[in-house]
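Me: I'd like to learn how to read strand pairing and overall fold from a model. Can you walk me through this one?

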Amino acid sequence: MIKVMIADDHKMVREGLKNLIEFDENISVIAEAGTGSECISKLCNILPDILLLDINMPEMNGIDVSSILVKKKRRPKILILTVYKEIEYVIKAVDIGVEGYILKNSDSHELIRAINCLYSGEKFIQPSLIPFLNAKLVGRDIDREKINFLSRREMEVLKLVASGLLNKEIADRLCISEQTVKNHLFNVYKKIDCCDRTQAAVFCIRNELVSPNI
């Protein structure tokens, strides 16, 4: 059973998310919080697998909460709830090391997919966020030297990661094993100096290796 905590300042939103999430019999909402400080306080006594965290909350926003949590040894994986206009916050969350990012207008299938992705140890970035991240990141330095060290297959895997595909989906797309995908990702991380799939996706976005596609 995947244990989830929801932190959002709107009670109706929390109730709606709870109903959507618990439609999947393998997921249970074990706690809720209406403010950032309440979220931190409750996490001192419970340890959910996933924290579904809104960015805009009173007292302490989602970025501040994330900044505190990522420093802890035992903490939930963080899935940020955001809207398009908060893209600057998403970039901050990427830099902090948050595990997942999903739009508030996503359907239940996408939300449950993101939760399962984080629970399995992978990172999640919603594909439709890529054009907006790209627009904000194009001004950053282009890492051409690092890109030149990537093999053709590694580049294919990197682009598919940036498109939001999970390891199994990449394996199916390229007709290779999931372990081979993991091996390629290990090499990609080493060559472009990143430590996870979200940072790899951001690298791909800021160097315009993927075309915007909503």
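Reply: Two strands pair if DSSP finds at least two bridges between them; here β1 and strand β2 (residues 27-33) are parallel partners, with 6 bridges. Helices (H or I, at least four residues) and strands (E, at least two) are DSSP runs, numbered from the N terminus. This is a predicted model, where local features need pLDDT of at least 70, side-chain atom pairs count only at pLDDT 80 or more, and totals for chains, interfaces and linings use all residues. Residues are numbered from 1 along each chain as its sequence is written, and side-chain values use heavy atoms, leaving out hydrogens and water.

Me: Which residue of β2 is the bridge partner of A7?

Reply: That's A33. β1 also runs parallel to strand β3 (residues 50-54), joined by 4 bridges, and there V4 has I50 as its bridge partner.

Me: Is strand β1 mostly covered or mostly exposed?

Reply: Buried means under 20% relative accessible area, exposed over 50%, partly exposed in between (1.4 Å probe, protein chains only). In β1 (residues 2-7), 5 of the 6 residues are buried. Across the protein chain, 52% of the 214 residues are buried.

Me: How many helices and strands does the protein chain have, and how compact is it?

Reply: There are 11 helices and 6 strands. The radius of gyration, taken over C-alpha atoms, is compared with the globule rule, 2.2 Å times the number of residues to the power 0.38. The chain's value is 17 Å, close to the 17 Å from the rule for 214 residues, so it is as compact as a globular protein of that length.
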